[in-house]
Amino acid sequence: MGAPAPVPAAGANGARPPRVVAFGGGHGLAAALGAWRRITPDLTAVVTVADDGGSSGRIRREMPVLPPGDLRMALSALAGDATDTRQMAALLQHRLGGSGVLAGHPVGNLVLTGLTELHGGDCVRALDDLCRLLGARGRVLPMADVPLDLVATVESTDPDDPARTRRIRGQVAIAATPGRVRDILVSPDDPPVHPAVLDAIAAADVVSLGPGSWYTSVLPHLLVPRLRAALEASSARVVVVLNLEPQPGETDGFSPEEHLTVLQSHLGGVALHTVIADAGSVVDRCGLLSAVRECGAELVLAPVAEDGGAPRHDPARLAAALQEALGTARGMTGAERVPQRLVPDAQRRRDEGNTAHGAC
């Protein structure tokens, strides 16, 4: 996979909108989908299926189905804007109260599990049914056809034995174990992937990674051999959205450039074309720019966080940055872009001045 094919300008001169595949899980993927849905209706969410905690963990232990939680969140993020579909999305997200065996289960987890049973175990058919009921702006697919377990190597926190590492199994255990994650594997190591996922990647103009839990939601997609092979063969532009801050239990103390370095070590033959970072979250702009260039990519530095200090991406701002990354904001195609860092005009002038004085 090398230079990406030109990305269509959404709605420009009657051109079709870009076909986008977004990888991830949880709140991070929901944030990305909230932005991408503003750009294109041709959107496929490919969702992690490694959750082993809470309602999803209980369901996957008791029934032969995929953990439904991350899939449910993606469905809700893509739900249509009509009043009835928004009410349906709110229902799917609602967690049951009380203290009985159903307490804490989101309604959507039970609905998706029930539909999967009705369709003889076909989760993709169940997801497509729910997409229709929700008037979804896109499609939701699982990253694998079987539940996955994550296995991480975690560094010791013992100052008397700093070289010792531990092998931790399970998404929840990894997030709760003190110590920096060194690497991560998926089990089974070559899970089956639904043909619809591979078809979506082959047809994509853009593949999106992040934001989200780096080791447990973003990187696992790159560890599934069939997904990696499809990405390596794809001509899509690969866009990475960096997190706004490190995640406790996974990336404590990581700078944006360290997130990128870890990602690069997992890319293998998958090319990276664009990195989007929040302008207010980057302390060392020159360091990040250097790391991006090491990947052969371009940097889009823009305000993409919500106001008020909460570490959440603002959908409208992130959509604007994604459009800038694709060149659609000015009607350019991907082939016409010149790799450069993109920042608001005032900051760009300051940075250019710094560059002229050797700061970068």
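What follows is a conversation about a predicted model, in which local features need pLDDT of at least 70, side-chain atom pairs count only at pLDDT 80 or more, and totals for chains, interfaces and linings use all residues. Residues are numbered from 1 along each chain as its sequence is written, and side-chain values use heavy atoms, with hydrogens and water left out.

Biologist: Why is Leu322 called buried?

Modeller: Buried means under 20% relative accessible area, exposed means over 50%, and partly exposed lies in between, with a 1.4 Å probe and protein chains only. Leu322 has a relative accessibility of 1%, so Leu322 counts as buried.

Biologist: What is Leu322 in contact with, leaving aside its neighbours within four places in sequence?

Modeller: Contact means heavy atoms within 4.5 Å, and on that basis Leu322 touches Ala35, Trp36, Ile39, Val239, Val241 and Ile276. Ile276 is 46 residues away along the chain, yet its C-alpha atom and that of Leu322 are separated by 7.8 Å.

Biologist: Why are α1 and α14 described as roughly perpendicular?

Modeller: Helices here are DSSP runs of H or I with at least four residues, strands are runs of E with at least two, and both are numbered from the N terminus. The axes, which are lines fitted to C-alpha atoms, for helices over the stretch in contact, have angles that run from 0 to 180 degrees between N-to-C directions. For α1 (residues 26-36) and α14, the axes come within 8 Å and cross at roughly 70 degrees. Angles of 65 to 115 degrees count as roughly perpendicular, under 35 as roughly parallel, over 145 as roughly antiparallel and the rest as oblique, so α1 is roughly perpendicular to α14.

Biologist: Which residues of α1 and α14 meet?

Modeller: Ala31, Ala32, Gly34, Ala35 and Trp36 in α1 meet Pro315, Leu318, Ala319, Leu322 and Leu326 in α14.

Biologist: What makes the pair of Asp205 and Arg16 a salt bridge?

Modeller: A salt bridge is a side-chain nitrogen of Lys or Arg within 4 Å of a carboxyl oxygen of Asp or Glu. The N to O distance between Arg16 and Asp205 is 2.7 Å, and their side chains therefore meet in a salt bridge. Asp205 lies in the loop between α8 (195-203) and β7 (206-209), and Arg16 in the segment before β1 (20-24), so the pair ties together parts that are 189 residues apart in sequence.

Biologist: Are these two partners buried or partly exposed?

Modeller: Asp205 has a relative accessible area of 7%, so Asp205 is buried, whereas Arg16 has 35% and is therefore partly exposed.
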